[in-house]
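This briefing goes through one protein model, topic by topic. Keep the sequence and the 3D view open while reading.

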Amino acid sequence: MLVTYAESLRPQAEASALVFIKRTFGIGANVRSYGEFAGMAQFHFGGFGLGYSYQFNPGNEPLNRRIGNTTHEIGLQYRFAGVSSLL
């Protein structure tokens, strides 16, 4: 869970969850207080990880025919030797 606050913006909260299968593949979701949703996936191989997230807001209309209100995110991860899982 994450709560964000800035003087010029109203507070925003979000919650995320990832479920891993055999510590190799993870799939999850994210929801924000303004109505955005995201689907997430992660792959782990060796000390490396590759993640993808697709975020969208089902209540908003596209800004125009060329610009949408969705995001695609790609993440890279590396675990240094001797560092085990966080939990």
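Rings of Phe, Tyr and Trp count as a pair if their centres lie within 6.5 Å. In this predicted model, ring pairs link Phe37, Tyr54 and Phe56 into a cluster. The protein has 87 residues, and its secondary structure consists of 6 strands and 0 helices.

**Overall make-up**

- Read from the N terminus, the order of elements is β-β-β-β-β-β.
- Of the 87 residues, 17% count as buried.
- The accessible surface of the protein is about 7300 Å². Carbon and sulfur atoms account for 63% of that surface.
- Among contacts between residues at least 6 apart in sequence, 14% join residues at least 24 apart.

**Aromatic rings**

- How many aromatic pairs does the count come to? The count comes to 5 aromatic pairs.
- A pair of aromatic rings is described by two things, the distance of the centres and the angle of the planes.
- Phenylalanine 80 has a relative accessible area of 59%, so phenylalanine 80 counts as exposed, the cut-off being over 50%.

**The second largest pocket**

- Rolling a probe the size of a water molecule over the atoms shows where empty space is left.
- The second largest pocket holds about 210 Å³ of space.
- This pocket is lined by 14 residues, and those closest to its centre are Met40, Gly51, Tyr52, Ser53 and Glu73.
- Which strands each supply at least two residues of the lining? They are β3 (25–32), β4 (37–45), β5 (48–56) and β6 (71–78).
- By residue type, the lining is made up of 6 nonpolar, 6 polar and 2 charged residues.

- Leucine 2 belongs to strand β1, which covers residues 2–6.
- With a relative accessible area of 44%, leucine 2 is partly exposed.
- Apart from neighbours within four places in sequence, leucine 2 is in contact with Gln12, Ala13 and Glu14.
- Glutamine 12 is 10 residues from leucine 2 in sequence, and their C-alpha atoms are 8.2 Å apart in space.

- Asparagine 57 sits in the loop between β5 and β6.
- Is asparagine 57 buried or exposed? Its relative accessibility is 11%, and buried means under 20%, so asparagine 57 counts as buried.
- Leaving out neighbours within four places in sequence, asparagine 57 is in contact with Tyr34, Gly35, Glu36 and Asn69.
- Along the chain, tyrosine 34 is 23 residues from asparagine 57, while 8.5 Å separates their C-alpha atoms.

- Most residues other than glycine have a negative phi.
- Lysine 22 has a positive phi of about 55 degrees, although it is not a glycine.
- Arginine 23 also has a positive phi of about 55 degrees and is not a glycine.
- Where is lysine 22? Lysine 22 lies in the loop between β2 (9–21) and β3, and arginine 23 lies in the loop between β2 and β3.
- Lysine 22 is exposed at 77% relative accessibility, and arginine 23 is exposed at 68%.

Conventions. Residues numbered from 1 in each chain as written. Predicted model: local features only at pLDDT ≥ 70, side-chain atom pairs only at ≥ 80, totals over all residues. Heavy atoms only, no water. 1 Å grid on protein atoms, 1.4 Å probe; cavity = no way out; pocket = protein on both sides within 12 Å on 5 of 7 lines; lining within 4 Å. Points joined across faces, edges and corners; volume = space filled by probe spheres on them. Helix = DSSP H or I, 4+ residues; strand = E, 2+ residues; numbered from the N terminus. Nonpolar A, V, L, I, M, F, W, Y, C, P; charged D, E, K, R; others polar. Buried < 20%, exposed > 50% of the residue type's maximum accessible area, 1.4 Å probe, protein only. Contact = heavy atoms within 4.5 Å. Areas by Shrake-Rupley, 256 points an atom, 1.4 Å probe, with all protein chains shown as cover. Phe/Tyr/Trp six-rings, centres within 6.5 Å; stacked < 30°, edge-to-face > 60°.
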